[in-house]
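Please walk through this structure step by step, beginning with the domains, then turning to the ligands and ending with a pair of helices.

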Amino acid sequence: MPAISKTINKDLKEERDKVKFNIEEFTNWFYGGSEKVLEKRKIENYFLSDKSLNLETDTSYLSYKEKYEEAIRRSCIVYPKMLKLHQELGGTEEDFRKIMDNLRYTMSAIQKEGNPFMLHFGMFTVTIMNLANDEQLSEWLPKCVNCEILGTYAQTELGHGTFIKKLETTATYDPKTKEFVLNTPTLTAYKWWPGNLGHTVNHAIVMAQLYTKGECCGIQPFIVQIRDLETHKPMPGITVGDIGNKVGFQTVNNGFLAFNNVRIPYKNMLMKSSKLSEDGTFIKPKNAKQNYGTMVFVRVYMIMDVVVNMSRAATIATRYSMVRRQSPINPNDEVEPKIIEHMTQQYKIFPAIAKVIIYKCMADNLRNLYQQITLEGTKGSFERAPELHALSCCLKAVCTNDAAKTTEILRLACGGHGFLNSSGFADNYKNATAAQTYEGENTVMLLQTARFLIKSFTKAKNGEKLTEGVFYLNDFVKRNGKREPFDDSIRGILRAIQAAAAGKISSAWKHIEEKKKFLTVEEATNQTGIELIRCAELHCYVCLLQTGIEEIEQIIKNVSPALREVFKNVLELYAIDNVLNMIGDILQHVDMTNADIDKLQKRLEAVLTFFRSSAIGIVDGFDLSDAVVSSTLGTYDGNVYENIFEAAMKSPLNQEDVNKSFHLYLKPFLKSNL
Ligand SMILES: CC(C)(COP(=O)(O)OP(=O)(O)OC[C@H]1O[C@@H](n2cnc3c(N)ncnc32)[C@H](O)[C@@H]1OP(=O)(O)O)[C@@H](O)C(=O)NCCC(=O)NCCSC(=O)/C=C/CC(=O)O
Ligand SMILES: Cc1cc2nc3c(=O)[nH]c(=O)nc-3n(C[C@H](O)[C@H](O)[C@H](O)COP(=O)(O)OP(=O)(O)OC[C@H]3O[C@@H](n4cnc5c(N)ncnc54)[C@H](O)[C@@H]3O)c2cc1C
């Protein structure tokens, strides 16, 4: 075995020495101030320094069952610590949010394949907070907050996930006993997929069709106890279990659930929005979509998960590419260059870094918008709910699609070693691709946004008032078919993307109108689906760039000149990469010449070259500890080959010289050939 010495890799040190800006200043921006950075580091250390977590164990070699058991063991260390810390910090909702925000990063060191408790706070408690009336809140919230019970969110069924109106689980009100009777009438009505449901939680929010006085009143949320608190056995009438092996998320414990005449008390229907009187009279909510609120909440927070996921992948690929040397650019060069010297390698990695920053700006913005609009809802005003729904749907889809695609590009950027499990890309990718499906399948999400855009376009044509995010449709209508002139400033690029988005929305609108002559509006819309998806994507790119511009214009007023240059280049790279990737859409609606495209290509090459000296500073500035990065290729010290070697030594096959399969199979086989 070679002697392994671990000092900072000299190539990586050389890169860091070239960084011109103050990395800590960048970190302070990224986490919202120096105090928050200190707090983040403290919280991370509080969890990760706990030796009982045994974070050195490579869980990837464990069996499916062992992985689950280890994940539960770790959760039973992390969650009590979390509750203790929450009390120590002050016990407020804000303190809780602080811990959860930081755990988004830290958890990737502890539960690489997902957390078997994650739905408890993430969806079960959130639904209770959003949809329980005051009485229900005082009964259930303390139990949730103290983890006296553990819950999940059981909505999806074997037969339906997207079209939730057709869920088949029934909750029939019995006014005589003041109970609901829950049933699973068919195989396709089995709840299927809810995280943590299989063998972990003892309660669930069950979304079921409410039947009262012989009528169906649509899907409503019910709190159902599914396992005994003492024995953990399923409650009478309940069938519950694990749905089996998946592409990823192995330790999330996704489960199935069925009911056979399960009775729950009247008070267990969450009644903040829809209400049922004790005699069985149903009272509709003020806003029919209020019951979908938990999904909106999660979609909003998923943009932050994308930031975490992509920052980790970008850190790994950047550090590795500054350590790995291969393929001289001039054939006679003695010394092979760092692979980051290859322009194509820069093009794989640097746009990903820029996106992390733009998505972070968007994630913060969206969260603020969510808080404002939720507050308006508590005061009975739901006017802006469709806008939030439309924005969160397209962002959820575009950002999670991009996280999966970018992780794969970054894995490929690390060549063969990127394919090692120890590179960390596999877990990153599996988590990213799961997010493309859960919380609303991405195509379906884009079509929801497109529905809003088509409605907004009709309003623009009729001269009606639009919401702020789609003001650009007014400009398009005013231009009355004239193409947008191209101006290559950043704001000019935004206008070009706006023109492309508006043009696409206009042509989808026109095609629906044409098809409506022969088809129903729904059929016409379905036939226009491919265009509609592109409308939603382009609209999302508009929102991202606009937010990026507005945020960065503010940021650069408050940072040092050196960091100002970095942010300007982030914006330049993000904008140019974007526009070049959608040139077909742009050319349809913007007067852009070949010379303009050549100029943009040159600017892309120039900005990549600038980025070369900031990239390591930015990824170091994401401030992800080695435990969080969790990759042999991405450690801070850059000792890639030593790490790879050490990880290989942990393979169970390397714990013995000769495996028993030699005696059982190989030897007889070889002998038989003599
Ligand atoms: C696809 C959906 C949105 C369709 O819902 P449906 O009620 O059938 O819609 P309609 O076509 O009747 O009405 C559309 C209408 O409603 C507006 N709208 C829809 N949702 C919302 C909302 N949340 N807030 C505000 N407004 C909303 C929409 O804008 C339309 O308005 P119009 O004025 O144009 O009529 C729905 O079925 C859906 O969301 N499906 C996806 C299911 C899903 O996301 N499931 C998640 C399950 S939980 C999970 O996956 C957990 C994962 C684990 C983890 O997170 O860690
Ligand atoms: C890892 C993971 C965790 C999950 N966790 C939970 C959980 O905790 N709780 C829970 O309740 N659920 C959970 N789910 C379920 C998840 O929310 C659904 O799988 C998701 O909403 C997609 O629904 P579906 O499976 O019915 O897909 P489908 O709707 O069947 O999608 C299949 C295909 O049909 C297309 N399609 C469907 N409808 C339309 C349409 N209207 N227009 C165009 N195309 C359409 C889709 O685009 C897709 O290509 C989880 C799923 C996964 C993968």
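**Domains, ligand shells and a helix pair**

Taken over C-alpha atoms, the centres of domain 2 and domain 3 are separated by 36 Å in this predicted model. The domain assignment of the chain gives these two as residues 131-136 + 149-285 for domain 2 and 292-653 for domain 3, together with domain 1, which covers residues 29-112. Where domain 2 and domain 3 meet, six residues of domain 2 are in contact with eight residues of domain 3, and the side of domain 2 that touches domain 3 is made up of four nonpolar and two polar residues, with no charged ones.

Ligand 1 is surrounded by 26 residues, of which the closest are Lys-289, Tyr-292, His-389, Tyr-438 and Gly-440. The elements that contribute two or more residues to this shell are helix H6 (118-131), helix H8 (293-321), helix H10 (385-413) and helix H12 (442-461), and the largest share, four residues, comes from H12. By class, the shell around ligand 1 holds 13 nonpolar, nine polar and four charged residues. Because domain 2 and domain 3 both give residues to the shell around ligand 1, this ligand lies between them.

Ligand 2 has a shell of 22 residues, and the closest of them are Gln-155, Thr-156, Gly-161, Thr-162 and Thr-443. Strand S1 (151-154), helix H11 (425-437) and H12 each supply at least two residues of this shell, with H12 giving the largest share, three residues. The shell around ligand 2 divides into ten nonpolar, ten polar and two charged residues. As for the domains, at least three residues of the shell around ligand 2 are drawn from each of domain 2 and domain 3.

The crossing of H16 and H17 is left-handed. On the H16 side the contact is made by Tyr-541, Leu-545, Gly-548, Ile-549, Ile-552 and Ile-555, while H17 contributes Phe-567, Leu-571, Tyr-574, Ala-575 and Asn-578. By class, this contact of H16 with H17 comprises nine nonpolar and two polar residues, and no charged residues.

How values were computed:
Residues numbered from 1 in each chain as written. Chains lettered and ligands numbered in written order. Predicted model: local features only at pLDDT ≥ 70, side-chain atom pairs only at ≥ 80, totals over all residues. Left-handed = near helix turned anticlockwise from the far one by under 90°. Contact = placed C-beta atoms within 7 Å. Nonpolar A, V, L, I, M, F, W, Y, C, P; charged D, E, K, R; others polar. Near = placed C-beta within 6 Å. Domains from an automatic or database assignment.
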